[in-house]
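Could you walk me through this structure in my viewer? I would like to know what to select at each stop and what is there.

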Amino acid sequence: MNYKSFCGGIFETNCYLFEAPEGWILFDAPEGACEWARSLKVEPKLLLLTHGHIDHVQDVARIKRQFGCPIACHPLTAPMISDREFFRNFGFALEIEPSEPDFLIEETPSRNFLGADFQIL
């Protein structure tokens, strides 16, 4: 298994690049994740969001624009990445550049992404 990790953003949030049989999967998108992937000369073929907290989604739109990869998230995360004002509505002085998920993911014992099987909790 080949993977790489990065810690970025104001909360020093971890994200991971995982090399699946059909390409790289990026898990989460803290601030700086897009530049990190570019610096490695890795082009993610999929961005999977584990959840929608601000520290995990700040680079979603940049990654989508830079790499053109699909974005997948849980339905409860979708408004957190698509509504620029979502976090401001809860009193945070932060906003994100909005981006729409390409598909939604739910809890399941087995799901295949780019030729690799995952359990989604």
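Start by selecting E43: leaving out residues up to four places away in sequence, E43 touches W24 and F67, where contact means heavy atoms within 4.5 Å. This is a predicted model, in which local features need pLDDT of at least 70 and side-chain atom pairs count only at pLDDT 80 or more, while totals for chains, interfaces and linings use all residues. Residues are numbered from 1 along each chain as its sequence is written, and side-chain values use heavy atoms, with hydrogens and water left out.

Stay with E43 for a moment. E43 sits in the loop between α1 (33-39) and β4; helices (H or I, at least four residues) and strands (E, at least two) are DSSP runs, numbered from the N terminus. Is E43 buried or exposed? E43 is exposed, with a relative accessible area of 55%; the word exposed stands for over 50%, buried for under 20%, and partly exposed for what lies in between, using a 1.4 Å probe and protein chains only.

Select residues 23-27, which are strand β3. Five of the five residues of β3 are buried, so the rest of the structure largely encloses this strand.

F18 stands opposite I25 in β3. The two strands form a hairpin, with two residues between β2 and β3.

Then look at β4: four bridges join β3 to β4, and these two strands run parallel. To find one of the pairs, select F27, whose bridge partner in β4 is L48.

**Widen the view to the sheet**

Six strands make an open sheet of mixed pairing, in the order β1-β2-β3-β4-β5-β6. Which strands are at the edges? They are β1 (3-8) and β6 (103-104), each pairing on one side only.

Now select helix α3, residues 60-67. This helix packs on the sheet and touches β3, β4 (44-48) and β5 (71-73). The direction of α3 makes about 160° with that of β4 (axes are lines fitted to C-alpha atoms, for helices over the stretch in contact, and angles run from 0 to 180 degrees between N-to-C directions).

**Look inside**

Select L47, L49, V60, I63 and I81: these have the most contacts inside the largest nonpolar core, which has 27 residues. A nonpolar core is a set of buried Ala, Val, Leu, Ile, Met, Phe, Trp, Tyr and Cys residues joined through side-chain atoms within 4.5 Å. β2, β3, α1, α2 (54-57), α3, β5 and α4 (78-82) each supply at least two residues of this core. Which element gives the most? That is α1, with four residues.

A second, separate core has 13 residues, including A20, I25, I105 and F118.

Go back to L49 and show what surrounds this residue. Apart from neighbours within four places in sequence, L49 is in contact with residues including D28, H56, V60, C73 and I81.

Most residues other than glycine have a negative phi. Select D28, in the loop between β3 and α1: its phi is near 75°, a positive value. At 5% relative accessibility, D28 counts as buried.

Compare E12, in the loop between β1 and β2. The phi of E12 is near 50°, also positive, and E12 is exposed, with a relative accessible area of 60%.

For the third, select L114, in the turn of the hairpin formed by β7 and β8, with a positive phi of about 50°. Four bridges join β7 (residues 108-113) to β8 (residues 116-120), and the two strands run antiparallel. One of the pairs to select is T108 with I120.

**Finally, show everything**

With the whole protein in view, you have four helices and eight strands. From the N terminus on, the elements run β-β-β-α-β-α-α-β-α-β-β-β. Along its principal axes the C-alpha trace spans about 40 × 35 × 25 Å, and buried residues make up 45% of the 121 residues.

Note on methods. Pairing = 2+ DSSP bridges.
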